[in-house]
Amino acid sequence: MMNTMAKVEHTEHHGPAAGLTRWLYTTNHKDIGTLYLWFSFAMFLTGGCMALMIRAELFQPGLQLIQPEFFNQMTTMHGLIMVFGAVMPAFVGLANWMLPMMVGAPDMALPRMNNWSFWILPFAFAMMLSTLFMEGGAPNFGWTFYAPLSTTYAPPSVTYFIFAVHMMGISSIMGAINIIATILNMRAPGMTMMKLPLFVWTWLITAFLLIAVMPVLAGVVTMMLMDIHFGTSFFNAAGGGDPVLFQHVFWFFGHPEVYIMILPAFGIVSEIIPTFARKRLFGYSSMVYATSSIAFLSFIVWSHHMFTVGLPLMGELFFMYATMLIAVPTGVKVFNWVATMFRGSMTFETPMLFAIAFVVLFTIGGFSGLMLAIAPADFQYHDTYFVVAHFHYVLVPGAVFAIMAGVYYWLPKWTGHYYPEAMGKAHFWCSFIGVNLTFFPMHFIGLAGMPRRIPDYALQFADFNMVASIGAFIFGFSQLIFLVLIIKTIRGGSPATSEVWDEPAGLEWTVASPAPYHTFTTPPDVK
């Protein structure tokens, strides 16, 4: 019944506009989701090329290919582009595509603002990338842009970087407002909050986090701007300011930001695992409460990034215990995913492979995070490659694998075609091997004392660095398989049914594949 309704609606309403104007002026949530996803993939490849430049330089000791100054620009731009240009817009793209379909809404609540929040981004990142060609070069002070490196000693291009960050923040806040308004006001009749799919729940919580912390980021870059151009001394000790203040304000944004990049991933994995285990998600309500707990705790742990700045002892103890506490709701989630798979009728299609890899490898990142939470141990680990290994295990096999899992899971619904499964599995295994070859050895060179953000290193770190660089190139080039697979699937393939997978739950599987341009003009009734 639902399928026929969707098809009738599709014929009655106008379709997309022809040509380029469709993409420029569109207010359709599916079009905007597509724009976000392609933009984030372009940024992912751009940031990936920068990562490969870093790894090529570190392939062996000594200065090989690039100057130390340019190396610093690459580490900075790689981090900024991957966080703000690849991971966050990809999650927003998935949200735009799927949230209205999951809650039975005809579109996002604020469609014109939706268009605007996307089109700000290409201009923000064009401005940020243009700094590479400016006199003095691009930002070279690390993605955390600590003052005074980013104020007193920064290249002139830092002003453009500050403007780009403001634009990204505006885009994020508008997107978050839109998501909250859609979920709270446009749910189908009968869809109570505790019937929401977990992807919707995780995004609702993430959107509140974004609204809470993006103004903090805006504040810290504005203080930088004032210090550089208007003679203030927020972060300048000579004028009565404090460089450590920068770190407090930055990490008050930065730590919730880490969860902004992982909570939607939890939601995606919580959709995929029950589908391929052919069971209901174990402990739905505990998952919702665990996600809320993680979001709350993310606001009271920011100084664990700053154990070595000379915090008072009580501060170190508080932030150490608060950080360890986050392991509890995260452990609840991992337990629930494993319990969902336990004795399920599991099959291992590509989305499930990425989801299982996410659970295992994200947990490894969580364990190294617990090690870093121990303040006296962190004195040893701080600013070594152990930290690089930790956060890349959380963000690459964590956030990025979850995004890939989500794309494989929903791609037949978007395009109306099944993707070639053999290619998907090839992409998974190349990515899985590449990621672990790249980041696992970094734990060892970090524990042995190799510092971060340096283009040269001592001879004893050579072998593991060579392995890491080989792994990085395997992972990087395997993304070309992903690109070819997506283009092939868009252009054709075996037609997908409306359900796509074997009895998945959720409203999005009641509409035709490909999803019609306008869905749910008459809201479905959720029983």
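On a 1 Å grid over the protein atoms alone, a cavity is a set of points where a 1.4 Å probe fits but cannot get out. Grid points are joined across faces, edges and corners, and a volume is the space filled by probe spheres set on the points. The structure is a predicted model, in which local features need pLDDT of at least 70 and side-chain atom pairs count only at pLDDT 80 or more, while totals for chains, interfaces and linings use all residues. Residues are numbered from 1 along each chain as its sequence is written, and side-chain values use heavy atoms, with hydrogens and water left out.

A search of the whole structure finds 3 cavities of 30 Å³ or more. The largest cavity holds about 160 Å³ of space. Its lining (residues with an atom within 4 Å of a point) consists of 18 residues, and Met88, Pro89, Val92, Ser171 and Ser172 lie nearest the centre. Helices H4 (68–103), H6 (158–185) and H7 are the elements that give two or more residues to this lining; helices are DSSP runs of H or I with at least four residues, numbered from the N terminus. H6 provides the largest share, 6 residues. By residue class, the lining of the largest cavity has 14 nonpolar, 4 polar and no charged residues. Here Ala, Val, Leu, Ile, Met, Phe, Trp, Tyr, Cys and Pro count as nonpolar, Asp, Glu, Lys and Arg as charged, and the others, Gly among them, as polar.

Pockets come next. A pocket is an open set of points with protein on both sides within 12 Å along at least five of seven lines. The second largest pocket contains about 780 Å³ of space. It is lined by 28 residues, of which Lys195, Pro197, Arg280, Ala505 and Gly506 are the closest to its centre. Helix H9 (residues 263–277) gives the most to this lining, with 4 residues. The lining of the second largest pocket divides into 15 nonpolar, 3 polar and 10 charged residues.

H9 also takes part in helix packing. The axes of H7 and H9 come within 7 Å and cross at roughly 175 degrees, where axes are lines fitted to C-alpha atoms, for helices over the stretch in contact, and angles run from 0 to 180 degrees between N-to-C directions. H7 is therefore roughly antiparallel to H9, a label for angles over 145 degrees. In the contact (heavy atoms within 4.5 Å), residues of H7 including Phe199, Trp203 and Thr206 join residues of H9 including Phe266, Ile268 and Glu271. The residues of this contact of H7 with H9 are 9 nonpolar, 4 polar and 1 charged.

H7 (residues 198–229) has another partner in H10 (residues 284–297): the two pack at an angle of about 15 degrees, with their axes 10 Å apart. H7 and H10 are therefore roughly parallel, the label for angles under 35 degrees. Leu198, Trp201, Thr202, Ile205 and Leu209 of H7 meet Tyr284, Met287, Val288, Thr291, Ser292 and Ala295 of H10. That contact of H7 with H10 comprises 8 nonpolar, 3 polar and no charged residues.

Finally, some backbone details deserve a look. Ala147 and Pro148 are joined by a cis peptide bond, with omega of about 5 degrees, and Pro148 is found in the loop between helix H5 (111–130) and H6. The peptide bond from Ser513 to Pro514 is also cis, with omega near 0 degrees.

Methods
Parallel < 35°, antiparallel > 145°, perpendicular 65-115°, else oblique.
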